[in-house]
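These are my notebook entries on one structure. I set down what I looked up, entry by entry.

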Amino acid sequence: MEKFVVTIAREYCSGGQKIANRLAEELGVNCYNSEMLRLVSKNENMESGNVANDDLIKDTSLFDVAKEIYSDPLPTPNIDDVLTSKIPDDDLAYIRNIYDYQSEIITELARRESCVIVGRCANYILKDNPYAVNVFVHAPIGFKLKRAQSRHYMPEAELRNYLAKVDERKADYYLKYTGCEWTDIKNYDLSLDTSELGISGCVDLIKKFIKIKQSNENY
């Protein structure tokens, strides 16, 4: 198979991360997710190099790319989650720096290798990359609630609100840095409902789409 980069944006508990992991495994490429990008973006990790020992990152290009791009230490934020919509004014510059830094990493990873990248506005960052296949994974609330109940122990009403808040934060983050709506299917090549297709079905469709795109004479 020729070079490709699959970006996956996903509603919380829709199964997007599982799809990404399985797709990467079946295609024999690395899967880079939001947690991995967060780890290499932490100032103390890049200064010490400790992140290279993390099981999520070793044996991939991510740390080397991040280290090459990393230059001056970034200011330490007063927040734990860069996706939060309630960001103190003093931390806005930090969030901008993190976004720019992660964008450079994503762009360089896509240049170097075929891979799967989850979240962090990767579809927008790679919108001009001819090898990119951009996927949005979603599901009805009932389906997501069932998946969420295996990891969050809270009343259904509270859990429903929690799921909505997580996706709201993702949408706010996406809008802030892209100026686009996170759920607008015009920003993606594929929009997949895991409640209809299942994890395997989604993986198979993405693989077929990659082949179709690569065989297109205009590709």
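Which backbone oxygen does the side chain of serine 14 reach? I find that this side chain reaches the backbone oxygen of valine 137 at 3.4 Å. I call this a polar contact, a pair of N or O atoms within 3.5 Å; within protein, one must be able to donate a hydrogen and the other to accept it, and residues adjacent in sequence count only if both atoms are side-chain atoms.

Basis of the entries. I am working with a predicted model, in which local features need pLDDT of at least 70 and side-chain atom pairs count only at pLDDT 80 or more, while totals for chains, interfaces and linings use all residues. Residues are numbered from 1 along each chain as its sequence is written, and side-chain values use heavy atoms, with hydrogens and water left out.

Serine 14. I located serine 14 in the loop between β1 (5-10) and α1; helices (H or I, at least four residues) and strands (E, at least two) are DSSP runs, numbered from the N terminus. Serine 14 is buried because its relative accessible area is 1%, where buried means under 20%, exposed over 50% and partly exposed in between (1.4 Å probe, protein chains only). Leaving aside neighbours within four places in sequence, I list among the contacts (heavy atoms within 4.5 Å) of serine 14 His138, Ala139 and Thr194.

Aspartate 193. I placed aspartate 193 in strand β5 (residues 190-193). Its side chain is joined to that of serine 195 by a polar contact of 2.6 Å. Beyond four places in sequence, aspartate 193 is in contact with His138, Ala139 and Pro140.

Helix packing. I looked up α1 (residues 16-27) against α9 (residues 194-215): they pack at an angle of about 40 degrees, with axes 10 Å apart. Axes are lines fitted to C-alpha atoms, for helices over the stretch in contact, and angles run from 0 to 180 degrees between N-to-C directions. Residues of α1 including Ile19 and Leu23 meet residues of α9 including Val203 and Ile206.

Aspartate 184. I found aspartate 184 in the loop between α8 (156-178) and β5. Aspartate 184 counts as partly exposed because its relative accessible area is 24%. Aspartate 184 and phenylalanine 136 are 48 residues apart in sequence and 9.2 Å apart in space, C-alpha to C-alpha.

Whole protein. I note nine helices and five strands. Of the 219 residues, 48% count as buried.
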